[in-house]
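The following questions and answers concern the structure shown below.

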Amino acid sequence: MNALHAYAACVLFAAASATGFLNGEEEGPVKLKATVGDSVVFNCRLEFPNDLPIPYIMHWNKGGSTVFSWADGQLSAEDPYKGRVSPAHDGVLPGVAGSGVGAINLTSIRESDKGWYECRVHFPNRTPSTRLNGTWFFLDVDGGTLLATPPINVTTLEGQTAHFSCITKDRNNRVTWYKDGTPISDIVELRQRSFVSDDGSLTIAPTAMGDPGEYMCEVSDGSMRQQASAHLDVQYKAKVMYSPREMQLPFGRSATLDCHFRANPPLTSLRWEKDGFLFDPYNVQGVFYRRNGSLFFSKVDETHRGRYTCTPFNDLGTEGPSPVIDVRVQRPPVFTIKPHNMYLRRTGDSVAMPCDAVNGGDTERPLIVWFKKDGTPLPRSRITMEGGNLTLVDIVEDDRGMYQCVASNGAATISVETELVLENTAPRPPFNLRAVSSTTSVTLTWLPGLERPETQHSVWYRQSDTPEWRTLRVGDTGSTEAMVSGLKSGREYEFMVLSQDEHGDGMFSKAIRVKTAGTSTVEEVPHEFRTSIGSFQQIGPPRNVSVRVSSEGYLVHWDPPAFGAEDLKHYVVRWARGAPDSGYLPSGSDATEDLSYTIRYLEEDRLYTIFVLSINANDVEATSHPVSLYVPPYRSQRALSVGMAVGLGLVAVAVAAAWYLREKQIRRLREQDEDADDSAPSSNGKGKN
């Protein structure tokens, strides 16, 4: 029966093989087409037995002889194919079994490459060795009428000669050579070392390290052009390109000592020496090699100072070590003299602000410079610098502000600040006034003319067609934002901002005009009922808004407004999802006459913005500063806690069960031992009764 099964399997295998062979024959040859100078891929059919890769040998034959072959991972070629074939194992035929495994790329196509090619695949460890593997190709070459032999890729050593063929069919045709798209005649350094022969070929002698790239020859007869390209690779010993004569490493901080080299072939090793001896980072604590061969000091100390050299190596060797790098350890600077925190002067006075520093550990002085913190340049005609001391004469209003004395060396940069304040000078006007309008309100933002600790702002506004100005005092000192509410829809308003401090009122900002959203509804008001601005009562925003978690939800508490509280109608509490500086989504609001309100429910794992509005009898609104509240994911935390408790319970049960089974096993073994002792024969050879 087994013999019968074996015979049937052999018959089926032979039939499948014959069918596959016939199918392979029916597919026919692969037709390829290219022009002179182009490249083409021969993708040889290759099927492994049971799709399991095994060793194989491939031969490409043309005219009855092998032109190139692949064996043991090596590709070899005969003349005139040398230097023009390379593996192309990139899967060039999607969806075809075995595609790309046996692919060969033939570059710099010539007219003589035209013809039939046969790819044969042999499996040395399989019988038969060539079944169902191999492909016929027909390469059709469009030679054109200009170029006979295109250039091929060249690899040479630095200082040797590189030759690119570009043989034309007609010596009268014009040949132009390019490197990376630029005519060689425009590259002065390369033009001096290259020449084009009568047949159009290019010779570079000697080659240099910067010569690698794509070289293209262009043949033209006046009516048509033909191009072909090849690459030049110039190899050289590893060499140091640059090394500083002196290097300052910052004490107590990390630092890197680089070896700037070039190598082709790539670098294989890098040797560092310190004070004439081999410096091996593997034997020095806190020093490491980086991938590029640089030395990395995790924390610089005095032991790292010295005279260093680096020597790079590749497969061709080395050009020698770098010049000596004198490595010094630099400690951060330390201020020995600092200016006062503030200088109070009048316009026209002078001020001297002292500043001096030394490098830590020695008496050398670091570089000391002065800056004005707002970025405006110092008045060169009115300042003098002696050492680190700054003297400013004929002080003007623009001189006030924050100044910085900065000391720096190779290890660190430190700074100290001081302020120049002018007496009896009103604040500058705000600027960059911007507005965003809705149907009944306008939100204003601006930049302060000068940041002072007690600067107060007020908004002046009016309807464009009325002469009376109304004012809105911004509640918080230093605030640069305000919302004007209770406006009419579809109307144009004019706004200005005024700065005030202990020295008095400053100047108004430039006025801007803003139209509220919506459609204007004009109501004719009898003259006897028209009132002046004096009847318009303002109200301040709620102050000191806070939010805390309570047993009933989230308790919002606030203090009454600083002014206008006698005309208060009610408060409105609003909450929205999101942050105030990135936009938010309104979630809810409610009115109350109390100084607190409890929000019953907020979604978990959300950031909320909460603010309170005060509204008076004239429906004038004032909004408090927003308060951010993050609601943690309580449910997921509780679920995690319950899960952990259940898990711990299961672990305890498992431990108890294991202990119980262990005790039971020990008890059973003891009973077996006692039974064995009872049944064992006594010393006189008689058993127990």
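Q: In which loop is P265 found?
A: This is a predicted model. In it, a cis peptide bond joins N264 and P265, with omega about 10°. As for its place in the chain, P265 is found in the loop between β22 and β23 (267–274).

Q: What average pLDDT does the chain have?
A: Of the residues, 82% score at least 70. Over residues 1–26, however, the pLDDT is below 50, and this stretch has five contacts beyond near neighbours in sequence. Residues 682–689 also stay under 50, with four contacts beyond four places in sequence. For the chain, the average pLDDT is 80.

Q: What pattern do the disulfides of the chain follow?
A: A disulfide is a covalent bond between the sulfur atoms of two cysteines. A search of the whole structure finds four disulfides. When the bonded cysteines are counted along the chain, the pattern is 1-2, 3-4, 5-6, 7-8.

Q: How many residues apart in sequence are the parts that C44 and C119 tie together?
A: C44 and C119 are joined by a disulfide with an S to S distance of 1.8 Å. The link is left-handed, with -95° about the S-S bond. Because C44 lies in the loop between β2 (40–43) and β3 (57–62) and C119 lies in strand β8 (residues 115–122), the pair ties together parts whose separation in sequence is 75 residues.

Q: Is the link of C259 and C310 left-handed or right-handed?
A: C259 and C310 form a disulfide in which the sulfur atoms are 1.9 Å apart. Both C259 and C310 are buried. With 70° about the S-S bond, the link of C259 and C310 is right-handed.

Q: In which strand does C405 lie?
A: A disulfide joins C405 to C355, with an S to S distance of 2.0 Å. The angle about the S-S bond is -85°, and the link is left-handed. C355 lies in the loop between β31 (351–353) and β32 (356–359), so the pair ties together parts that are 50 residues apart in sequence, C405 being in strand β36 (residues 401–408).

Q: Is S108 buried or exposed?
A: S108 is found in the loop between β7 (103–106) and β8. Phi of S108 is near 50°, a positive value in a residue other than glycine. Because its relative accessibility is 3%, S108 counts as buried.

Q: What is the relative accessibility of D394?
A: D394 has its place in the loop between β35 (389–392) and β36. Although D394 is not a glycine, it has a positive phi of about 50°. D394 counts as partly exposed because its relative accessibility is 46%.

Q: What relative accessible area does R382 have?
A: R382 is found in the loop between β33 (367–372) and β34 (383–386). Leaving aside neighbours within four places in sequence, R382 is in contact with residues including T391, D394 and D399. R382 is buried because its relative accessible area is 17%.

Note on methods: Residues numbered from 1 in each chain as written. Predicted model: local features only at pLDDT ≥ 70, side-chain atom pairs only at ≥ 80, totals over all residues. Heavy atoms only, no water. pLDDT = per-residue confidence, 0-100. Contact = heavy atoms within 4.5 Å. Helix = DSSP H or I, 4+ residues; strand = E, 2+ residues; numbered from the N terminus. Buried < 20%, exposed > 50% of the residue type's maximum accessible area, 1.4 Å probe, protein only. Disulfide = S-S within 2.5 Å.
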